[in-house]
Amino acid sequence: MSTLDRISQPSDLRDLSDAELDELAEEIRERLIVAVAAHGGHLGPNLGVVELTMAIHRVFDSPRDRVVFDTGHQAYVHKMLTGRASAFDQLRMEGGLSGYPSQAESDHDVVENSHASTSLSYADGLAKANMVTGRPDHVVAVIGDGALTGGMAWEALNNIAADADRRLVIVVNDNGRSYRPTVGGLANHLARLRTNPRYEPALRAVRERLTNTNNAVGQATYEALHAIKKGLKDALYPQGMFEDLGLKYIGPIDGHDRPAVEKALTQARTFGGPAIVHVITTKGQGYDIAVANEEDQMHQAKAFDRLTGEALAVEPTSWTSVFRDELVRIGDERHDVVAITAAMLSPTGLDAFADKFPERTYDVGIAEQHAVTSAAGLALGGLHPVVAVYSTFLNRAFDQVLLDVALHKCGVTFVLDRAGVTGDDGPSHNGMWDMSILQVVPTLRLAAPRDGSRLRELLREAVTVEDAPTVVRFPKGGVTADVDAIGQVGRCDVLLRDGAEDVLVVAAGPMVRQALDAAALLRAQGIGVTVVDPRWVKPLDPALVDLAARHRLLVTVEDSGRVGGMGSVLTQMLADADVRTPVRVHGVTQEFFDHAKRDVLLERMGLTGEAIAADALARL
């Protein structure tokens with residue numbers, strides 16, 4: 001039996017020799033590469049925290065001591081060390097292990113956080129709760145330098161530093177990257193530390209001090225260590241920003257030197273108050289192909305050949321790539337168009353625009369709220385910003401969309417990638433909220449293209465609007481085949497009109513495919529069907545009300561929430577016009593879905609042509 005398979009709980013790590021621990025680290029990396037090569041997932045972040053996670057679980061006593069990982073991208077190693085290594089052959093598969101921390105899987109998974117910059121706030125609350133309830137336990141928050149670009153992290157630090165008695169250890173995992181190299185003032189500070197020629201001697205000095213220090217240390221030992229760093233102030237300047245907040249700082253530590261990390265964590269634990277342990281790691285450590293990947297060091301990989309790192313399947317043309325190419329064409333034509341990303345340049349398709357127009361591209365770090373209000377400022381300054389973000393992450397900036405953009409009549413275009421049901425990444429990443437949330441924003445216009453051609457058309461329409469926010473949303477994955485209109489009703493595309501006016505199907509975006517499948521089944525039963533794509537789902541064209549009034553049944557189909565979505569709005573429009581045509585709304589039920597493939601989830605929700613047709617037949 002391998003060393004890894006002997007680990008059923010973190011305490012088992014404390015019985016291993018140094019040689020066994022080194023062997024364990026190799027086995028963990030091998031298991032990570034095999035699992036992610038088969039199913040895809042976050043490889044680079046996890047390879048980079050093997051020794052760090054081992055050290056945390058040797059020094060602290062999870063789950064009594066709570067360990068909170070920011071974003072959860074790097075929690076695979078934690079899962080292995082908490083008894084789930086044997087389940088990695090089903091990583092991110094339906095019914096198998098989630099790609100993020102999961103309370104349903106283990107008591108060791110404290111929060112299911114998959115959005116960045118939140119761990120310190122969770123940890124602050126947990127540490128306060130320990131104080132109120134008299135628990136002597138520690139809270140450990142693991143946060144990356146990328147997540148520290150988010151304002152929420154600094155709000156938490158401000159509060160954590162206010163109480164010197166809180167048993168809270170913050171581990172800053174500094175690898176210089178989120179998806180891509182971290183940007184901003186903090187990143188520049190930490191980069192100066194990593195690239196300073198005096199860094200290595202300073203690191204050796206700190207390591208030596210830690211190595212020669214007894215584990216049972218208190219205030220006196222901490223002060224001695226602190227004095228060493230003060231003597232190296234010029235080389236280690238970046239710790240000052242933490243110490244100025246009143247937080248004790250230990251580091252920098254080589255994050256792949258497990259004994260040194262253990263010593264540092266022990267120092268922090270025995271101090272008794274909030275402390276920061278700054279470790280420097282390499283994303284992809286132990287797998288040369290990942291480290292050499294200049295794009296993202298295999299941050300999130302598709303299934304791949306482990307010998308070459310090449311993807312096993314050729315990806316179809318994606319919605320993201322269609323947007324990427326069209327925005328570059330728009331940028332060539334309009335010099336007032338600028339682009340903003342929140343640390344996701346390549347995943348959202350802004351990389352090509354950035355390559356061609358670097359002076360018109362802004363990466364603001366993991367700071368969606370700032371991205372939106374900064375876009376408002378750009379618009380007030382006479383430019384037209386395009387903010388590209390995953391749908392699920394725009395939720396974080398709703399107030400800014402409402403009051404900073406819409407209220408001020410700013411022409412800002414939001415492009416929401418991964419809209420609708422995404423599936424594999426679980427409940428936090430399904431982009432199923434935007435159409436419901438944004439529905440309440442006055443003047444905002446929201447487009448849902450059904451195919452690549454409509455994405456290009458609607459994006460171009462969106463960037464011409466200069467007095468209100470516009471939104472263009474599309475799903476994850478391959479773009480659907482073009483479906484051309486056969487006519488128009490108001491601003492809506494008519495895709496099918498056949499037979500009597502029995503059923504009107506109004507479908508949003510890529511759900512047109514399911515609508516046409518349902519129409520074919522209904523027509524086979526002698527039912528006349530009209531299929532319409534509104535293109536702009538906010539505001540909906542009033543012509544739809546008149547069209548619905550002429551049909552026996554109205555069916556709406558969308559991959560967004562049933563509450564507050566397109567179907568809900570259209571139902572209200574009919575009621576306001578006193579149109580009594582029955583309505584059947586097909587959309588996503590607002591609940592948190594376990595990870596599974598998109599098509600599987602859509603089938604469970606009844607969002608298939610067969611289910612939609614059967615429901616319509618039952619209602620006629």
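Author: The open sheet has 5 strands in the order β1-β2-β3-β5-β4, with parallel pairing. Two strands are said to pair if DSSP finds at least two bridges between them; strands (E, at least two residues) and helices (H or I, at least four) are DSSP runs, numbered from the N terminus. This is a predicted model, in which local features need pLDDT of at least 70, side-chain atom pairs count only at pLDDT 80 or more, and totals for chains, interfaces and linings use all residues. Residues are numbered from 1 along each chain as its sequence is written, and side-chain values use heavy atoms, with hydrogens and water left out.

At the edges of the sheet stand β1 (66–69) and β4 (248–254), each of which pairs on one side only. On average, neighbouring strands of the sheet are turned by 20 degrees against each other, direction ignored. Axes here are lines fitted to C-alpha atoms, for helices over the stretch in contact, and angles run from 0 to 180 degrees between N-to-C directions.

In general, strands of a sheet pair through backbone hydrogen bonds, either parallel or antiparallel.

A helix accompanies the other strands named next. Helix α5 (residues 119–133) lies across β1, β2 (139–144) and β3 (168–174), where contact means heavy atoms within 4.5 Å. Relative to β2, helix α5 runs at about 170 degrees.
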